[in-house]
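Biologist: Let us go through this model together. I will ask, and you will answer briefly.

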Amino acid sequence: MRISFLFLGTCLWLLGSSAVADVHDPLDPFAADQSQSSAQDSDKDKSADELIDEAMVLFQDERPLDARTKLLKALARSPEDYRAHLLLSGYYMEEVGHFRLALKYVLQAQKLFEAKNGKPPYSDFMAQTQHDQILYLLAQARLNLDDYQGSLEVLDQYSRLGYYRDWYPGTRAWVLMKLGRVNEAIKVARMGILSGAEPGRTLNMLGILLSMSDQREDSLKVFKQAVEYELSLGRTGRPATPLNNAGEVYEEIFNEDQAESSWLKSTRLPDGCEHVLPSLNLTMLYLDQGNLLRAKQTIDAFESCVAQYPLRNGEEHRALVHFARGRIALQAGAIDQAVDHFEEALQKQQWFGKIGTSEEDLRAAALISLSQALRAKNNIIATTLFEHTSDWLSAIKDRAANKFRAWWLMRRARQILVENLSNFEDLYVRHTDSMLDYASLGDVARALPRKAFEKRTQIETAHDKRPASKPFYEIYRAANLLEHGDSQAGAGLVRQALSEARDRYDDALRAQALLLELGLARPNSAQYQDIAIEIFKLSRAALRSHGFKLPINFSPPGYPEVEKALADSAFAVDNNRSLPFLVSARIENGATVLRFTSSVPGFGEISVTAAKIEDAVNSFAQQVFSVQLQ
Amino acid sequence: MLGALRAHPALQSAPARFTFSTITIMRALFAVAFTVLANRLIEFGTATTVVGFCAAAGVICGSILSFSRLRSAAPVLGLGIFFLMYRALFGLADTVNPLSGEHSLALFALLQHADLAFYFFAFFLLSSWSFWRFEVVCTLESVLICAISIYLFSGHRNFHLDTPSIISSMAWFVGVEHLTMLIMVGVIIIALALGYLLLATIPTRPVARLNAVTIRSHHPGRNAGSRLAAAGLCGTVVFLISQQIYSHYSILVATRTANGVGQEQTEGISPLGFHSALGTTNQPSALVRLEGDYSANPFTPMMYLRESALSTFNGYEMVLAPPEFDSDISRTGPEEAFTGTEDATLEYRTPLTQSVFLLTDHDSAFALDYPLTLTRLKNPDPSRFKAAYRAYSIAPAFGLEQLREHPVGDPRWSPEVRQHYLKTHTDSRYTELAQQLTANITDPVARVSALVGYLNANAIYTLTPNHDVPKGQDPVAPFLFGDKRGYCVHFAHATVYMARALGIPARIGTGYLTDLSQAKDGHILLRMSDRHAWAEIYVQSFGWVPFDTQPEHVESHAESAVDMKLLEELMGAIGPGEEILPKETGKEEIGLQEPRNLELPGARVLAVLAALALLIAIVSKLYLRYGWLLPASNSNVLRRAYRALISQLADVGVSRARGETRQEFRQRLSAHFKTPALTLTEPYNLLRFSKTGAAAFSNQQIREILKHDLACLQQIPRWKRLLGWLLPGSALLLLSRRPMR
């Protein structure tokens, strides 16, 4: 019995062995693969050294995957060889962008290197060179994984050991900036420029640092040098980046014309369309000026430009493009589109942003915009006419859901701004790293505690010497005061802001100020009508999106049903006073025809025909309160 | 505190108390689970632990309150008053905000957290309170739980039930199928809901209303009405949720699905579906690792991974041919080995090895273009991967422009084989259209390009073509000669029919079309939505070459970005990568630490909270015991003195029973101590119930009586008194032991 069990066991073992004989372990791909061609088999008899040498040649030939396979085989032959680890770390850092793996490989490389050569310092030149490379990868990997302190420690060690390469000043300055040690970073960057280390990158870095430390004039000079340097490099130069950064500084000092010029140049350069930022900045600038068509054209141009690069999936741009498109749609009155874009922007990962931007900057901005869009959507639903009770019930449900969501999103945005973004540092108007829509930031300020917000604003106004930023702070304060019931003080600030806001450049801000003022006016009063007309001239969508009605004259008088429907919608009919907007109605073949005319130039004529009054009025309102950007 | 509960008639029996405790614990656990889940969905911005704690506290307080003296509307009023008070406090704090300007908004941040915690506390307090007060709430809650569960699961990752998220992560962790995990979770939820319903409706379930039974027996109509109202409410909720799911699902299913390409590998059968692209999902199906560079890829950035080819025309569609045709197709399962014959006449090809790790079951292996060998690999993680194999292919390395002016077909083919690849549709319209489109072109490759160009420019890609074609009839004609709306299957068939009509050997390739720009480190994550069918033409010396369409007009398609997090996770699972590194590598590195999903408060926070609670307890205890020493009016001194006595007694476990008067309690104690005890009862009763109050007693007299009473308490064993001293929660104990009146 015992023998038979042993025999059975042996048979099973043999059977098992034969069964797995053709099964290859994927964790050991370096073993000779008999099924492969002779070319693949040729690695079978190679030593680890040979494989590493071949991998280095393959890297030079831009065949990184072949090189990776060779290195993995080399590691399987000689797991203690630090060179393979080091090369793999470089591969994952530079080619793949898998920083965790890069860090793990370089840590192992460091351990093996020190086991072989002892602790630094090294007297041997080769050992120094390789240790220099290890420290470089270690610093870069930690930097990319947001371990700035860890990265700085490596850079300190690098410096202590007397190593120096061109990448060092730029990297050190960047790490110091991330740690908030801006003045030190400036010194390091200046030293780097003096020593000629990667001038383009370091000049750009210095420009950013100077802008962060309020030395904007110097910053612009440095960016100018950076642009000149990059242009001098010819085809290999990348002047779009410093040009974009210069534009951001110009924007911050309210020199919009120069900012526009910088960004336009940046977008037209060959390397300009590789990055979304100049286009995004330009779009936002046009939005501030209420120029929706140019805003749309700018972002369209970017997308058609980036489409030339078939190898790029555009993932790094999507969040920002959706955000920009959402803001355009919101101002153009295409609220559903705006909501979709903002939802997309929130779901995408942002890879990079403006100077110093963190993911939270975009998140806060997108949350605020989405909340505003949902509120606008609710206001539109409130002025939509329904034929069936079921539609009306469904609208009530949608409004409740939108209202709750809008409240929640705005609450989250406030929380992020206060807690995650250094006590609402973005309150400083046109803060370099911010993606906020400064014209409508009053929506955020509204619900903040009155005194606390007053104190916080005072800090900004005390330090902010830019005259053009003043009306912005006044509007934020006004929104906050009005929310807390102090309408007198709030109205005073609104009037002050309106008198200080600049024509064209601050049109979006003026519209916001007028909306606050409109909220204080008695409905259908002459004051209400004047303000509403002014807002409508500045922004077609704003009135309806904020729940206000457009004052109109209606003719002829024989259509009380249509007149009532218009009054239930987003129009305030008043035939006692001559107004610049006239809606006329007639019935043609049983269908309702509505026509909008205006004595104000640039509004054109809108005509809508529908079988039912409700459909006609809804469609009419949509067309009157939106801008066609096609 | 539980003493007060025990005093309630509904909680007199042990089973009732057991049911009460069990349900309360279950509800508290549910509240915590709900909080964690809600945080994952909408991200509170406040530590989940704090919110969860408040939710659980709300449940416990609500349950206790419903059986306490404050069982009526007091919780609602109390919460309202509390909320107003604390908002007023914040308003006051804002007015005298001591924080500097830069940090002045920190107060607001605190308010936001406090608000959220309060909302959760209040919500769960009220729900628990009403649960014990009104029987119908139990049913309502159960229905709501089920409805929310259905809604959440339906909305799981945009209705992709098996793509990685919470369920998928759990499935990975446990090592079971996504669907199995989903079913398991569903079963657990239903079981819990049923258990909860069962517990909540068993006869021993206590009801907080003292006259609940009376109401039920004497007013059946009122009861039936409330049940009807609850049922109506539940029905409305379920209806609204179902409607929401349906509308959401119909849109998503119509736009986010694979392309009508199945896996059927039976001769004479087509794996392709014409009627609808619905039915499959965007789930990950395989991970492919390129073991070398493929820079010569003529289709960059796309890559075709062929699984099968359809070259037999059966009269109305293309189907799998017998084995004597399409010998380049492996026709093997992923677990089998395959060795093909290298066609030496093929030029411009490069060897490329791929490792394939299947995440879902596949009937047959797929690989890049011509696989020469397929070798089984050891499955690196059977809980995640179905199978693994390595393919060695000779992949195209030519430019598409090189194909121009080359003859099509293989001169070695027999007339039967050639005829096989040329057999086309009998509908003459295909030939007419093909000839019309290529009237002035002679080069066969250019002619096929013209056909593809025509489809690109004129047809619309949609996943919902909605052609009503009876079985056995041509499903391509309504596409090509009709509204020109279709998906890859329609485009591929139309190209093949027209190419064959022009005498060009063609077939349909099926498998995956993937975008290499979404690959990482040579690793490609294939999804079901990458499944594809395309037309192939045999070009002499080049072999079968894909001629795929890229329609300019796209109505709906299954595009979605690859989940890079999952890709990285899988890359780590298949190795070699991190596996060859020692486990301890980078253990202490900040950047290598995975972010924790659940935030737990640090030891310091817990210590501060505990210290705060202890401080409050100690201060209140001291006040209870020695408050009478503080200067006050006679009546207040009397009140405090009596409270001090009662508190000390409560600390050692002696308190008034339910219905027992103070006088009776005094007598009971006196009998126990065999000496007059609690003699302060008489002046205290006078204070409470007589008009003159305790005016007859001076401050001095009260203190004298108290001293006497305290001396009586010395009879209590010393260890008991010591324990009573150490007990921190005297105030709570005292409050909870106050009998119901």
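Modeller: In chain B, among contacts between residues at least 6 apart in sequence, 75% join residues at least 24 apart. Two residues are in contact if their C-beta atoms, placed from the backbone, lie within 7 Å. This is a predicted model: local features need pLDDT of at least 70, side-chain atom pairs count only at pLDDT 80 or more, and totals for chains, interfaces and linings use all residues. Residues are numbered from 1 along each chain as its sequence is written, with chains lettered from A and ligands numbered from 1 in the order in which they are written.

Biologist: How many of the residues of strand β1 of chain B are buried?

Modeller: A residue is buried if 20 or more other C-beta atoms lie within 10 Å of its own, exposed if 12 or fewer, and partly exposed in between; C-beta atoms are placed from the backbone. Strands (E, at least two residues) and helices (H or I, at least four) are DSSP runs, numbered from the N terminus. For β1(B), residues 284-290, the count of buried residues is 7 of 7.

Biologist: Which residue in β5(B) is the bridge partner of B:V288?

Modeller: Two strands pair if DSSP finds at least two bridges between them. β1(B) and β5(B), residues 349-358, share 5 bridges in the antiparallel sense. Antiparallel pairing over 5 bridges also joins β1(B) to β12(B). In β5(B), B:V288 is partnered by B:V356.

Biologist: In what order do the 5 strands of the open sheet in chain A lie?

Modeller: The pairing in this sheet is mixed. Its edge strands, each pairing on one side only, are β2 (571-573) and β5 (606-610) of chain A. The order is β2-β1-β3-β4-β5.

Biologist: Which residue in β4(A) stands opposite A:V583?

Modeller: Strands β3 (residues 581-588) and β4 (residues 591-598) of chain A run antiparallel, joined by 8 bridges. Opposite A:V583 stands A:F596.
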